[in-house]
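Please look at the model below before reading on.

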Amino acid sequence: MKNSRSSNYIKRTTPPPVPSKIRRKKKRRRTINRLKQIRNLSFLVLILLGWTFLFRSCFSSSQESVYVNSWAISDDVYAYEPALDAKAAEYGISDYEDILLCIMQVESAGLGNDVMQASESLSLPLNTLNPEESIEQGVSFFASLLSKADRLGLDLNSVIQAYNYGSGFLDYVYEHGGIYSFELAEEFSRINSGNEKVEYINEISSAKNGGYRWNYGNMFYVDLVNRYLQELHEERAAANES
């Protein structure tokens, strides 16, 4: 009787066998669910990667270009050359047309509205000016820096860096020997950044410090402008020879 009760108990509690068709359906459902999970996870990863790329793009667009693929002046900048030349002549600084061209290249590569990135020199928010206003203010500001540097007896590289840092850099150079150096530009940036570093990678920065800058202006500004200027002069010399 004990065995019988045990047998009956087993019969009552043991589930009936699952038909093979139902097993196949369950297995297929589990496979489908697993594929959906993989698909959703992949979609989430793509979204995260997209946001990361967008963030990096926005960040780099708010500063000078981080990655330099060529030292040639872009066609977009050359399109503004007549306007730059005319405005430089108006302010009596035609001798600096090539430098202004290279400054525009570093600032915007001729893209966007505020092509000289001159809004901040008027204490306006970034990219407030349109191209015509930007060229007017950019050339006017550069002319004022030249005038101040002349009064203080400073060199042209100090003026170029001051276009990026503001006219206060000219006072800083004057108080520290009166001659531009990368070390002065770096220290000015370090002080004003509160010792905050950011990644900054190109041919020049990588060679100097492995690819970073202090997060105030661009301490490599003179090197960048002069590198474009060198390329511009080499291109013209090659064109004249041919």
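## Helix α5 against α6

In this predicted model, the residues I99, L100, I103 and M104 of α5 meet I135, V139 and F142 of α6. The residues of this contact divide into seven nonpolar, no polar and no charged.

Two packed helices are described by the angle between their axes and the distance between the axes. For α5 and α6, the axes come within 11 Å and cross at roughly 125°. Angles of 65 to 115 degrees count as roughly perpendicular and angles over 145 as roughly antiparallel, and α5 and α6 are therefore oblique to each other. Their crossing is right-handed.

## Helix α5 against α11

Helix α5 also contacts α11. On the α5 side the residues are D98, I99, L101, C102, I103, Q105, V106 and E107. On the α11 side they are Y221, L224, V225, Y228, L229, L232, H233 and R236. By class, this contact has 11 nonpolar, two polar and three charged residues. I99 and I103 are named in the contact of α5 with α6 and again in the contact of α5 with α11.

An α-helix has 3.6 residues a turn, so residues three or four places apart point the same way.

The axes of α5 and α11 come within 9 Å and cross at roughly 120°. That angle makes α5 oblique to α11. The crossing of α5 and α11 is right-handed.

How many of the 10 residues of α7 are buried? Eight of them are, and the helix is mostly covered. The buried residues are S158, V159, I160, Q161, A162, Y163, N164 and Y165. They pack against five helices, namely α5 (97–107), α6 (131–152), α8 (168–175), α9 (182–193) and α11 (221–241). After α7 comes G166, with a positive phi near 110°.

Buried means under 20% relative accessible area; S158 has 0% relative accessibility and so counts as buried. Leaving aside residues up to four places away in sequence, S158 touches F169, L170, V173, I179 and Y180.

## The loop between α5 and α6

Two residues in the loop between α5 and α6 are described here, A109 and N127. A109 has a positive phi of about 60° although it is not a glycine. N127 likewise is not a glycine, and its phi is positive at about 60°.

Are these residues buried, or partly exposed? A109 has 17% relative accessibility and therefore counts as buried. N127, at 48% relative accessibility, counts as partly exposed.

A86 belongs to helix α4, residues 81–90. At 48% relative accessibility, A86 counts as partly exposed.

I201 is found in the loop between β1 (197–199) and α10 (203–209). With 26% relative accessibility, I201 counts as partly exposed. How many residues along the chain separate I201 and G211, and what is the distance between their C-alpha atoms? They are 10 residues apart, with their C-alpha atoms separated by 4.4 Å.

## The chain as a whole

The protein chain contains 11 helices and two strands. Read from the N terminus, the order of elements is α-α-α-α-α-α-α-α-α-β-α-β-α.

Of the 242 residues in the protein chain, 35% are buried. The accessible surface of the chain comes to about 14800 Å², and carbon and sulfur atoms account for 54% of that surface. Among contacts between residues at least 6 apart in sequence, 52% join residues at least 24 apart.

Notes
Residues are numbered from 1 along each chain as its sequence is written. This is a predicted model: local features need pLDDT of at least 70, side-chain atom pairs count only at pLDDT 80 or more; totals for chains, interfaces and linings use all residues. Side-chain values use heavy atoms; hydrogens and water are left out. Helices (H or I, at least four residues) and strands (E, at least two) are DSSP runs, numbered from the N terminus. Buried means under 20% relative accessible area, exposed over 50%, partly exposed in between (1.4 Å probe, protein chains only). Contact means heavy atoms within 4.5 Å. Accessible areas come from the Shrake-Rupley method with a 1.4 Å probe; for residues, only the protein chains shown count as cover. Axes are lines fitted to C-alpha atoms, for helices over the stretch in contact, and angles run from 0 to 180 degrees between N-to-C directions. Angles under 35 degrees count as roughly parallel, over 145 as roughly antiparallel, 65 to 115 as roughly perpendicular and the rest as oblique. A crossing is left-handed if the near helix is turned anticlockwise from the far one by less than a right angle, and right-handed if clockwise. Ala, Val, Leu, Ile, Met, Phe, Trp, Tyr, Cys and Pro count as nonpolar, Asp, Glu, Lys and Arg as charged, and the others, Gly among them, as polar.
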